[in-house]
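Visitor: I would like to learn how to read salt bridges. Can you take me through some?

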Amino acid sequence: MIELKIPELAESITGGTVVEWLVETGDTVKKGDPVLEIETDKINVEIPANASGVITSIHKQVEEEVLVGDIVAIINDKKELSASKPGKDEKESTLRERAIHTGEFKKAEDYIVATPSVRKKARQLAIDLRELNGQDHIKRIQHSDIEAFAKQKDLIVGNKPLTNASEEGEKQVTNTFIKESTKEIERVKMSPRRRTIAKRLVEAQQEAAMLTTFNEIDLSVVMEIRAKRKDAFFKKHGVKLGLMSFFTKAVVMALKEFPILNAELQSDEILLKKFYDIGIAVSTNDGLVVPVLREADKLGFAQIESEISRLGEKAKARKLEISDLQGGTFTITNGGVFGSLFSTPILNAPQVGILGMHTIQKRPVVLEDDTITVRPMMYVALSYDHRIIDGKDAVQFLMYVKQLLETPYDLLLES
């Protein structure tokens with residue numbers, strides 16, 4: 001008998017919630033076959049079988065929380081595979097074929113391979129799943145297929161689905177309306193991912209001695225460089241010259257000067273990391289995810305912009321893999337894209353530093369000769385773990401980032 005356990009995921013992911021079992025007790029599985037799907041605070045992950053055999057028992061049910069190392073099922077690796085029931089993929093394919101050959105099209109959706117959350121999304125958008133084709137060998141419909149089809153049919157405006165009767169029906173099932181006096185309150189159940197995100201955020205604040213320091217940056221020179229070079233840059237590299245490449249370059253150079261911010265605390269030891277894998281926070285419909293820009297110190301401006309764009313597209317299409325999220329050493333988050341002027345970012349554990357960018361705002365600035373001029377200014381915030389980082393180092397780190405961005409010639413020479 002082999003115990004199927006939740007394996008190690010990304011270093012900041014400690015568990016999740018069971019979304020769906022892809023097999024049942026008695027099903028045949030082969031080593032490496034996906035057997036269940038769990039939802040973490042970052043992405044959905046399919047857990048593969050760690051041995052070939054027959055599923056003899058399932059220990060965790062849908063919507064139950066699981067942690068890394070938990071036993072979720074038992075696989076009998078000794079039992080004759082031919083004597084066992086067919087796996088779920090095989091059964092789904094067989095049922096679909098039977099429906100097609102017998103003309104049972106009224107119930108064809110019953111034989112379409114899709115998770116409950118995908119079916120729910122389709123119902124909300126009034127999409128007939130029979131109109132879609134999945135991409136894998138059993139034609140499993142995924143969220144990305146639904147979203148692509150919806151955009152093609154103009155069923156999504158921005159990031160929000162058009163309201164329809166089917167969506168209202170979903171609300172009646174998932175939400176509870178209660179009435180107090182003459183005022184109505186809608187009680188909405190948190191999704192498994194939102195529950196996990198909430199738990200992780202509280203843990204991050206409870207475990208670290210988190211402190212935030214602030215400054216503001218005059219981005220006049222950076223904006224001037226972008227304005228002068230944006231067309232030539234795009235023509236040469238096929239990607240826009242954005243702010244993130246400047247900030248990523250500045251952060252990496254500052255981390256080299258202040259290595260304590262590129263560290264991790266494990267028990268009574270400090271791990272000083274000699275590589276620079278920068279997490280870039282990306283907002284999606286499911287919440288915030290932080291894919292990692294690998295070896296950012298070795299990348300030029302165009303490479304940084306291209307990689308950030310690629311990771312952002314994967315995040316929004318729900319195609320991020322665990323490897324995209326592992327091993328970040330420091331994080332940059334940009335609340336400015338939503339208009340935030342000022343905020344205190346929360347640490348992305350086990351990292352000990354995170355830089356918050358904000359919206360650019362034209363403000364009057366007093367120059368050294370006491371004249372007043374208008375400049376494009378940005379407030380920046382550095383949250384850090386005060387257990388291992390002194391205030392002096394944090395303030396000097398942020399000052400160095402400010403200096404690099406206000407006179408960015410060293411950044412350009414590094415590229």
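Guide: Start with one pair. Arginine 387 forms a salt bridge with aspartate 385, and their closest N and O atoms are 2.7 Å apart. This is a predicted model, where local features need pLDDT of at least 70, side-chain atom pairs count only at pLDDT 80 or more, and totals for chains, interfaces and linings use all residues. Residues are numbered from 1 along each chain as its sequence is written, and side-chain values use heavy atoms, with hydrogens and water left out.

Visitor: What is a salt bridge?

Guide: Side chains of opposite charge can pair when their charged atoms come close. The rule asks for a side-chain nitrogen of Lys or Arg within 4 Å of a carboxyl oxygen of Asp or Glu. By this rule the count is 12 salt bridges.

Visitor: Is aspartate 385 buried or exposed?

Guide: Buried means under 20% relative accessible area, exposed over 50%, and partly exposed in between (1.4 Å probe, protein chains only). Aspartate 385 is buried, at 2%.

Visitor: Which residue does glutamate 63 meet in a salt bridge?

Guide: Lysine 189, at 3.3 Å from N to O. Glutamate 63 lies in the loop between strands S6 (53-58) and S7 (65-67), and lysine 189 in the loop between strand S12 (183-188) and helix H5 (192-207), so the pair ties together parts 126 residues apart in sequence. Helices (H or I, at least four residues) and strands (E, at least two) are DSSP runs, numbered from the N terminus. Glutamate 63 is partly exposed, at 48%. Lysine 189 is exposed, at 57%.
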